[in-house]
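Me: I am new to this structure and would like to learn how to read it step by step. Could you take me through its features, giving the general idea before the particular case?

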Amino acid sequence: MSLLEIRGLTVTMGVQEILHGVDLDVAERGIVAVLGSNGVGKTTLMRAISGIYKPKAGTIRFKGEDISKLKSHEIVARGLLQAPEGRQIFSSMSVRENLVIGGGAHGLSELERILVLFPKLGERMSQIAGSLSGGEQQMLCIARALMAKPSILLLDEPSLGLAPKFVKGIFDLVSQIRDEGLSILIVEQNAKAALRIADRAAVMESGRIALEGRAVDLAGDPRIVEAYLGGHVHTV
Amino acid sequence: MFDPYYLQQLAIGLSQGVIYALMAIGFTLIFGVLNVVNFAHGEVYTVGAFAGLLLITAFAPPFLVVLFVVLAVGAALGFGLERIAFKPFRRFSDEASLKSRAMRESTLMSSLAVSIVAREGLEIAFGSQMQTLPFEYLINKPIAIGPVTIVTGDVIIFVVAALMLGGLQYLLTKTRVGLSIRAVSANPLGAKYVGIDTDRTIVTTFAIGSMMGAGAGILVGLYYGAIFPAMGFVPGIKAFVAMVMGGLSSIPGAVICALLLGLSEGLATTFISSNWADMVAYGFLIVTLIFFPQGLFGAGRERV
């Protein structure tokens with residue numbers, strides 16, 4: 001059984017249907033990448049999983065329990081955390097306060113472990129979060145989610161707007177977090193980097209999953225290479 | 001030689017200022033989490049005073065008991081107010097609608113409606129005249145400090161307000177509830193992603209803000225010996241001015257501006273009639289709006 005199991009997920013915004021029956025699985029200790037261009041519904045999918053949007057139909061099973069009707073704070077309490085698009089950190093508060101809030105009921109029990117992963121944040125604990133650089137804010141966003149001891153982490157466009165040297169750092173971190181035992185669902189425009197660390201991947205097109213498979217297979221699939229990796233397939 | 005009369009006026013102004021500060025904090029906290037102005041805040045102050053009055057006439061308990069019961073009533077009022085006038089309009093949970101203009105305008109009307117109903121209800125029940133309070137409860141026994149004479153109320157108001165402000169500061173920086181309130185103020189969507197129950201945080205904010213408003217109401221009632229249904233209007237407006245001057249969402253800003261307002265009104269009564277002293281507050285508001293459209297402490301967050 002998968003840790004996260006999405007079946008027939010349909011989400012509407014007003015009269016418009018954004019997701020038309022999405023099926024997706026995230027296995028225990030796996031990284032699943034969702035690829036696709038702007039506006040195909042990737043962020044809507046992520047928000048629906050975290051309970052920000054209420055699905056119109058379909059189920060989202062997490063550890064066997066249907067969480068599709070739960071409120072966002074109830075979903076977080078069950079161990080499903082997200083580092084959302086746009087980071088959504090508390091920019092007027094200090095780095096420490098961001099992490100304390102992220103810890104919720106766990107308080108600062110994870111702090112030491114997390115500062116090993118993010119040594120930069122340790123140096124900036126009393127700084128106002130809004131004064132961090134973009135890359136550091138993204139780190140804070142991920143660290144804040146990890147403070148709540150999640151069993152699955154959702155990452156929505158973690159590399160968006162970052163300098164290339166930070167992008168590599170973020171992806172290295174993601175595979176490091178997986179190695180520590182977490183499952184990860186990542187939405188990315190940077191298909192090349194995402195496919196490198198992912199076990200499985202899905203391609204979204206206009207509110208549906210168009211392709212799904214092992215990341216290594218998709219990385220060699222001519223349709224993916226053409227559309228997302230920006231090149232032609234070279235037959236060897 | 002400096003006229004001690006001015007010192008006395010300063011003491012009175014300071015009491016007035018901390019009362020405005022207690023009121024302004026309620027406004028500011030609620031504005032922070034929802035970006036809306038709670039127009040029923042003045043009535044929370046009035047109902048708090050009336051709750052104290054009823055308690056005194058019925059049971060004549062000690063002063064501290066009166067104060068604590070009024071604070072509890074204030075919290076309950078805040079809870080009820082949020083459920084009646086604010087929650088029903090919060091049907092969508094994304095960030096755009098949580099702090100949207102439509103939310104702001106509809107809750108502006110609904111809180112104004114609650115305030116009118118509360119004020120008129122009190123007038124029907126008690127009449128619009130001032131209520132008489134038992135003499136022994138009034139906090140206006142004179143205390144002479146050198147050439148200056150202040151009253152017990154000045155000390156009590158100052159101490160109670162200082163305790164409440166200190167308590168609030170502790171709550172907002174050291175407790176999970178307080179951090180949740182600040183998190184929702186800073187970024188309501190982000191708060192959802194870290195597992196904060198935003199609905200519960202919002203209602204808690206109303207309870208805390210209203211507690212301070214109701215506390216201010218009974219203190220002023222006992223200070224001036226005047227409790228009447230329309231008593232919340234002027235302090236409500238003054239606290240609103242302090243919030244706007246302070247930059248809408250800055251608590252320290254609101255407190256400093258409230259003290260400034262109280263002190264300048266206290267001094268103004270030395271030179272002009274006390275009826276005209278209200279002009280000082282409105283003058284400050286106009287000057288702020290023209291020259292500091294983001295408030296004195298707004299740090300460029302939003303135009304007033």
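This is a predicted model: local features need pLDDT of at least 70, side-chain atom pairs count only at pLDDT 80 or more; totals for chains, interfaces and linings use all residues.

Me: How do strands of a sheet pair, and which strands pair with strand 8 of chain A?

Reply: In general, the strands of a sheet pair through backbone hydrogen bonds, and they do this in either a parallel or an antiparallel way. Here, strand 3 of chain A (residues 31-35) pairs with strand 8 of chain A in the parallel sense over five bridges, and A:Val34 has A:Val187 as its bridge partner. Strand 7 of chain A (residues 152-156) also runs parallel to strand 8 of chain A and is joined to it by five bridges, with A:Leu155 standing opposite A:Ile186.

Me: What unit do strand 7 and strand 8 of chain A make with helix 7 of chain A?

Reply: Taken with helix 7 of chain A (residues 164-179), strand 7 and strand 8 of chain A make a right-handed β-α-β unit.

Me: Where in chain A can I find antiparallel pairing?

Reply: Look at the open sheet of four strands in chain A, which has the order 2-1-4-5 and antiparallel pairing. Strand 2 (16-26) and strand 5 (65-66) of chain A stand at its edges, and because each has a single partner strand, one side of each is left without a neighbour in the sheet. Within this sheet, strand 1 (residues 4-13) and strand 4 (residues 57-62) of chain A run antiparallel and are joined by five bridges, and the bridge partner of A:Ile6 in strand 4 is A:Ile60. Helix 1 of chain A (residues 42-49) packs on the sheet, where it touches strand 1, strand 2 and strand 4 of chain A, and its direction makes about 70° with that of strand 2.

Me: How many residues does each chain give to the contact between chain A and chain B?

Reply: The contact takes 21 residues from chain A and 15 residues from chain B. On the side of chain B that touches chain A, helix 7 (176-186) and helix 8 (188-193) of chain B each supply at least two residues, and by class this side has seven nonpolar, four polar and four charged residues.

Me: What span should helix 11 of chain B have, and what does it pack against?

Reply: At 1.5 Å a residue, the 21 residues of helix 11 of chain B (residues 251-271) should span 30 Å, and the end C-alpha atoms are 31 Å apart, which agrees. Its buried residues, among them B:Ile251, B:Val255, B:Leu260 and B:Glu265, pack against helix 1 (4-34), helix 6, helix 10 (233-245) and helix 12 (274-291) of chain B.

Me: Why does B:Pro252 count as partly exposed?

Reply: B:Pro252, which lies in helix 11 of chain B, counts as partly exposed because it has 13 C-beta neighbours inside 10 Å, whereas a buried residue needs 20 or more.

Note on methods
Residues are numbered from 1 along each chain as its sequence is written. Chains are lettered from A and ligands numbered from 1 in the order in which they are written. Two strands pair if DSSP finds at least two bridges between them. A crossover is right-handed if, with the strands pointing away from the viewer, the path from the first strand over the helix to the second runs clockwise. Two residues are in contact if their C-beta atoms, placed from the backbone, lie within 7 Å. Ala, Val, Leu, Ile, Met, Phe, Trp, Tyr, Cys and Pro count as nonpolar, Asp, Glu, Lys and Arg as charged, and the others, Gly among them, as polar. The expected span of a helix is 1.5 Å times one less than its number of residues. A residue is buried if 20 or more other C-beta atoms lie within 10 Å of its own, exposed if 12 or fewer, and partly exposed in between; C-beta atoms are placed from the backbone. Axes are lines fitted to C-alpha atoms, for helices over the stretch in contact, and angles run from 0 to 180 degrees between N-to-C directions.
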